[in-house]
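Reader: Before we discuss any label, could you show me the sequence and the model, and then take me through the terms one at a time?

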Amino acid sequence: MRKHNLFFLFLIFLSLKSTFIFAQLPVQVRSGLIYINDGTIGSRKPNKYAALTDSLDKNLKLHPNDTTSLFFRAVLYLSLNRVIVNPDLGNKTAFNNLVTAKNMVEKAITLKMQDFYLKVLRAEIYRELTFRLGGDESWKFNSNQITQRRTRFNSYKELANKYYDDLAVFDSNNANDYLMLKVKNKYPL
């Protein structure tokens, strides 16, 4: 009987441990980019993180100034909307999700969150936004819309490059990685 109780307690401990491990999204920076270090390679499946996303969204409704939740939710938006995962540059949902992630990161910074990963995340989000605006989709837009898109592209490009320059100074051992990620292309129209 005692062996069964110990085994049962051991199983409970393992299930709780795996729950706590997953509750904190494992992120890391590689080559100047932020990644979810969950063992997957390539594209992300949104439903894999559905429970975590729902939890973060609920927490942000209750505690809109929770910088940790803002950070992790922005990481998920970025990860699920990367050009590699969602290559359609004109996808409005992906673009809007990146704008939401940008707003979350900026809010966390306004709330005085000072985290290296947050700085990398901010630069990468602005970089992704320039790629989303950088496709030649002149057939979709009139001249006024093209002018607005060019203005946004240049603004995002300028900020992304500024943030990568800041990271190169802050993390000088990996400065080359950040400088290589700077946006070099011009708006196509």
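Author: Let me begin with a definition: axes are lines fitted to C-alpha atoms, for helices over the stretch in contact, and angles run from 0 to 180 degrees between N-to-C directions. This is a predicted model, in which local features need pLDDT of at least 70 and side-chain atom pairs count only at pLDDT 80 or more, while totals for chains, interfaces and linings use all residues. Residues are numbered from 1 along each chain as its sequence is written, and side-chain values use heavy atoms, with hydrogens and water left out.

Reader: What do the axes of helix α3 and α5 do?

Author: The axes of helix α3 (residues 67-81) and α5 come within 11 Å and cross at roughly 35°. Helices here are DSSP runs of H or I with at least four residues, and strands are runs of E with at least two, numbered from the N terminus. With contact meaning heavy atoms within 4.5 Å, the residues of α3 that meet α5 include Phe71, Val75 and Leu78, and their partners in α5 include Tyr117, Leu121 and Ile125.

Reader: Why is the pair of Phe116 and Tyr117 called tilted?

Author: The structure holds 6 aromatic pairs. Rings of Phe, Tyr and Trp (its six-membered ring) pair if their centres lie within 6.5 Å, and planes under 30 degrees apart count as stacked, over 60 as edge-to-face and the rest as tilted. The centres of Phe116 and Tyr117 are 5.9 Å apart and their planes stand at 55°, so this pair is tilted.

Reader: What makes the pair of Phe116 and Phe170 stacked?

Author: For Phe116 and Phe170 the values are 6.0 Å centre to centre and 25° between the planes, and the pair is stacked. This pair links distant parts of the chain, with Phe116 in helix α5 (residues 116-133) and Phe170 in helix α6 (residues 143-170), 54 residues apart. Phe116, Tyr117 and Phe170 form one aromatic cluster.

Reader: How do you know whether Phe170 is buried or exposed?

Author: Buried means under 20% relative accessible area, exposed over 50%, and partly exposed in between (1.4 Å probe, protein chains only). Phe170 has a relative accessible area of 52% and therefore counts as exposed, whereas Phe116, at 26%, is partly exposed, and Tyr117, at 30%, is partly exposed.

Reader: Which residue lies over the face of Phe170?

Author: A charge sits over a ring if NZ of Lys or CZ of Arg is within 6 Å of the ring centre and within 35 degrees of the ring normal. Lys119 lies over the face of Phe170, at 4.3 Å from the ring centre.
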